Amino acid sequence: MELFEMFTPMAFVLVVFGVFVGIIFGSIPGLTATMALAVFLPLTFGMDLGEGLALLIGLYVGGISGGMIPAALLKIPGTPSSVATTFDAYPMAQKGFAEKALKIGIVASVIGGIISLVVLYFFAPVLGTVAINFTPVEKFLIILFALTIIASISEKSMLSGIFSGMLGVFVSLIGVFPTNNELRMVPSFLEDYLWDGFSLLPVLIGLFGISEILRNSEQGLKTDKSKKVTLKKAKTDPEARFSLKAFNGQTVNTIRSSFIGTILGILPGVGGSAASLMSYSQAKNFSKQPQKLGEGSREGIIASEASNNGLTGGAMVPLLSLGIPGDSTTAVLLGAFVLQGIQVGPLFIGDNPDLWNGMIIALLFANIVMFLMMFTSIRYFARIIEIPKHVLFPIILVMCVVGSFAINNGVMFDVWTALIFGVLGFVFMKIGIQITTFLIGFILGRDLESNFLDSMQASGGDLFVFFTRSPIDWVLWALIIGSVVFGIMSNRKNSRSAPDAATDSAAV
Amino acid sequence: MKKKLAALITAPILALTMAGCSSGDNGDEGGVDVNRVRVVLGSSSTTADTYQNAHAFTENVGKSLDVNMKADAIGANKAFQALNKAKPDGSTIMFFHDMSYLSVKYGSQPKKFGLDNWTVGPVVSLNPGAAFLTKHDAPYNDMVEAAEWLKDNKSETLTFAVEAGGTSELSLDAFYIWVADTYGDDVAKRIKVFATGSDEEKNQALWSGNVDIIYGSIGGNEQYTKDDVEDKVKEKFLAITASERVEGFDIPTFEEQGIEVDGEPFTFDKEFFVLMPEDIEDSFSTALDDAVAEAIETDDYADELSKNNFKTDYVPLDESTQYIEDKRERLETVIDRAPEFNDLAS
């Protein structure tokens, strides 16, 4: 199969189309990159393999990148892996620098995507087998490491942050117990609805989207005219305008975050949200001005976006070298291969060099298209912030409801979930439970548990396995402890320098 | 080219509509009273054999029925719930395999989702390649040798990667009972399980040394058994549970190895079939059965299945209930004799 016989001009058109639709899916709360792939998967069966893959790869890259748009503008992460983007992009947008925040995110995304692509191209077979050395023990420690972000971002009281995070973990465990299918923490009349627990996206939409609307509504929906003025001034105000100078002094942060995303993408069972949270945590720990993270800092946006796009190439590594999908989106991609009769696995690259090269070209092209498409049109998206709240909020509310309903192909309970967690989020703000740390606990809780259980099963219940299985464990423990200590120190410094700052989690 | 462009323009609208809407519209096309059939799957994976068989089913049977069928991989519990609430017009049906009733017997799904609450539709295909595998350098080459090795090495255990309530648990149960009968309880008690879910997780558990034997399939695992695969991920087949060997593969069946339960050879052909609401309209179920009978005769259906070593396997509507109930009864005797999952896991 000749490369350009497989990768036809139509394939390039399909990448562009895929990126476009992917961005739309990513930018609507509740519609994810995974859903975009799943919905379009049947459409690819009538296409040539190259064209089908081109479309799916475009959707993948677009879907992951599009998640930053609602994260920055509405404080609703479009995908779970853009949760950390909300921490700084939203406050920056609130200051009137929405376009700048998005453009920083777009540039970071393309850098992360390309770095991970280079790693994929040159090291896929080697890294694929290295990933096998990461057993559930190491994966548990990595997720624990990602959870250390709670120490970094806890506001006012770290104890309250830890409590909120633990509560999130606790709520994530509602539903069927994975090893023996026993239900737990589910009243019998809710068995049908909570069999698999609360779906992540409705919880996320409720906590971030609906609770924010409630909070704003409580304060009144008068339009803040200063934002409109500031956004318009972006053409003349150098501070509001994006330039590559925003990346001055951010080389290490960008590269480190891209690699964190790539490496965590390589490890199946760890996930994109862990990657972006860990990158954010490390950006804060190594920052010269950690107190600025969470208040509209470019460092935070770069960390989150470079890592979640770094994930795209990383997650392809185990897929193409072992036949093991790195995340839920690449799992759908694997389905496309299987249905086309192609076995993705240890012999894939050697047996299908043209297909392999075609995929790399498609990924590179998709990243470039994503960059051009988003960079040139983002100013129109940024104008969302100019829409008066009394017009915007009902639209967001409808998007939240439709998105929640669509997640599992029309389950009404998911809409109730979003509404319940919207109200809960509002109550949490009032009583001092930190929404962000709660959500982080919720996102990482199930993976934390399943890797812990697998470690226990494999070791016969010996807790020392977390210290003795391999030298990697010691490195991970050192990182965990270091991250917690840095987090505590920066938290204390913040509390001392700005005792009155950040009264609740809504002001992340 | 024009058609593709038109498809590209309309696809996002269609996609959003499909994502947002779940119920079928009523219409009068295609000889049945619906113009779209949502086929919910008992598995949420788009890579496992259920999705692959469902895809062949929706494509080919949908064509014969002249109705747009869409496979929706939502997982067992959600699929049963959807079926429970489905209208009798056939706008929502379920596609799954033997796990649909085994999971209820094992207690991993509520009793209200038992086979007796549905109309069993036609059986359509089978995966004859459900297999046990191990690392390429394991000191045994088939299931009997594995049992012998366990008997000879009294300080060792054999750990199987198994999904609770799944077909992997059933096949392990049969092996366990045979080991207990043949070599005694002391040997059988050293058979352990490592609870895990997808095929990918099972492979990973094998490669990282957490289990000794996994339950996979010829279609999914063949690639890891080839000569030029790196040692770290290389696997070998120990046995398949199907009643017949798969052409082109030198893998013995359980029956050939003499693995028996209560004096009867243990065979398990993993079959895919349709479940419909209990009160399904006769016009729909008959039309569906006719469409399956027509599709099954076409090369397209068989060819698509054979890409992953699956086969067509038609049991018509008027025989399918009895057929599946007989099979359930036979398999339940294995489950009744087997130890509890939690005991195997400890």
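Here are some notes on the two domains of chain B, on one buried lysine, and on the contact between chains A and B.

1. Ground rules. This is a predicted model, in which local features need pLDDT of at least 70 and side-chain atom pairs count only at pLDDT 80 or more, while totals for chains, interfaces and linings use all residues. Residues are numbered from 1 along each chain as its sequence is written, chains are lettered from A in the order in which they are written, and side-chain values use heavy atoms, with hydrogens and water left out.

2. Two domains in chain B. Domain 1 covers 36–128 + 270–334 and domain 2 covers 130–268; the bounds come from an automatic or database domain assignment. Their centres, taken over C-alpha atoms, lie 27 Å apart.

3. Where the domains meet. In chain B, 18 residues of domain 1 are in contact (heavy atoms within 4.5 Å) with 24 residues of domain 2. Together the domains bury about 1,700 Å², 59% of it from carbon and sulfur atoms; buried area is the accessible area (1.4 Å probe) that two parts lose on being put together, summed over both. On the domain 1 side, B:Tyr106, B:Pro128 and B:Val334 supply 37% of the buried area, more than any other three residues.

4. Polar links between the domains. Four residue pairs are in polar contact, both residues at pLDDT 80 or more. A polar contact is a pair of N or O atoms within 3.5 Å; within protein, one must be able to donate a hydrogen and the other to accept it, and residues adjacent in sequence count only if both atoms are side-chain atoms.

5. A lysine to look at. B:Lys270 counts as buried because its relative accessibility is 9%, under the 20% cut-off (1.4 Å probe, protein chains only). Its side chain makes a polar contact of 2.9 Å with that of B:Asp49. Beyond its neighbours within four places in sequence, B:Lys270 also has contacts that include B:His97, B:Ser125 and B:Thr167.

6. Chain A against chain B. This contact takes 52 residues from chain A and 54 from chain B. About 4,700 Å² is buried between the chains, 60% of it on carbon and sulfur atoms. In chain A, A:Leu339, A:Gln343 and A:Asn409 lose the most area to chain B, together 14% of what that side buries.

7. Links across the chains. Two salt bridges cross this interface; A:Asp196 and B:Lys78 meet in a salt bridge at 3.5 Å, N to O. Between chain A and chain B, 13 residue pairs are in polar contact, both residues at pLDDT 80 or more.

Methods:
Buried means under 20% relative accessible area, exposed over 50%, partly exposed in between (1.4 Å probe, protein chains only). A salt bridge is a side-chain nitrogen of Lys or Arg within 4 Å of a carboxyl oxygen of Asp or Glu.
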